[in-house]
Amino acid sequence: MEEKTNYQSKQKVISEWVHSFSDYLYSWAYHKTNSNETAEDLVQEVFMAAVKNYEKFEGRSSPKTWLLKILNNKIIDHYRKSSKKQNDQDDTASQFTDSFFNGADNWKANGLEEAWTKESHLLDDPAFNKVMEICIEDLPNKWRLAILSKYLLQKESVEICQELEITMSNYWQVLHRGKLLLKKCLEVNWFVKNN
Amino acid sequence: MFLEKIMSQLLLSCKEATFLIEKKMVSPLTFTQRLRLGVHLKLCKVCSAYESQSETMNKALEKWVKEGALSKTLPSKIKSDILEKINRK
């Protein structure tokens, strides 16, 4: 009888978590995978895992932190499965950022330097921020993940490297290339059009 | 062309300079790196512009994080599916 009550209260608690945290987890999963469907599946899996492992949750962390940890593990699994595709994606993107420079690795100037400084209220423009969002979504997975972990989670570099299974100098390179891609995307989709 | 050759021999290339600009934002540079980057930025307008562009992008990223990056809503059909699965067991 007592066991049944426990089980009911567990169901009740986790149902409340669904109401409180599923949107947060979904947003997070979406940004990390860039796919609505994958994010939906992952969030479902997280709550099923929460039901299964509820006894291991001892209230030492907040439920939100615990659920996010489960989600992150699932995301890592998801990436392991698709790592070949990801490497190809990285190679193509690296070739693209290399093409911004000439044979001596100096800029091929594009004359847009001034356009960047013209708009002092750039960040107050919702249209610009929309373009920014699209450009972030366009980044290759690993690069988007590194940027997201840094800005969204304010994670320390060491932790990000562990999570992405890359070295520190790799990480600097990822940030560098990601930034170059963002710059290019903003120039093509914003500064050229609004210049 | 001649200047470009000297730059590539003695100084950082723009690719290396922009790399150090990004590195600087997460990790300290070595003394030599700081020096070489400083010299490069004095000489290269495009990289100086890049540095401020990069800061603009940082601000835009921070803004995106604050306003809406985590404001997606899980479709209610999925939410009710999950609730049903939890309470069926």
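Student: How many helices and strands make up the secondary structure of chain B?
Tutor: This is a predicted model, in which local features need pLDDT of at least 70, side-chain atom pairs count only at pLDDT 80 or more, and totals for chains, interfaces and linings use all residues. Residues are numbered from 1 along each chain as its sequence is written, and chains are lettered from A and ligands numbered from 1 in the order in which they are written. Helices (H or I, at least four residues) and strands (E, at least two) are DSSP runs, numbered from the N terminus. From the N terminus on, chain B reads α-α-α-α-α, which comes to five helices and zero strands.

Student: What share of the residues in chain B is buried?
Tutor: A residue is buried if 20 or more other C-beta atoms, placed from the backbone, lie within 10 Å of its own. Of the 89 residues in chain B, the buried share is 28%.

Student: Why is chain A described as more spread out than a compact globule?
Tutor: Chain A has nine helices and zero strands. The radius of gyration is taken over C-alpha atoms, and the globule rule is 2.2 Å times the number of residues to the power 0.38. For 195 residues that rule gives 16 Å, so chain A is more spread out because its radius of gyration is well over this, at 21 Å.

Student: What distance separates the centres of domain 1 and domain 2 of chain A?
Tutor: Domain bounds come from an automatic or database domain assignment. Domain 1 of chain A covers 2-81 and domain 2 covers 83-191. Taken over C-alpha atoms, their centres are separated by 30 Å.

Note on methods: A residue is buried if 20 or more other C-beta atoms lie within 10 Å of its own, exposed if 12 or fewer, and partly exposed in between; C-beta atoms are placed from the backbone.
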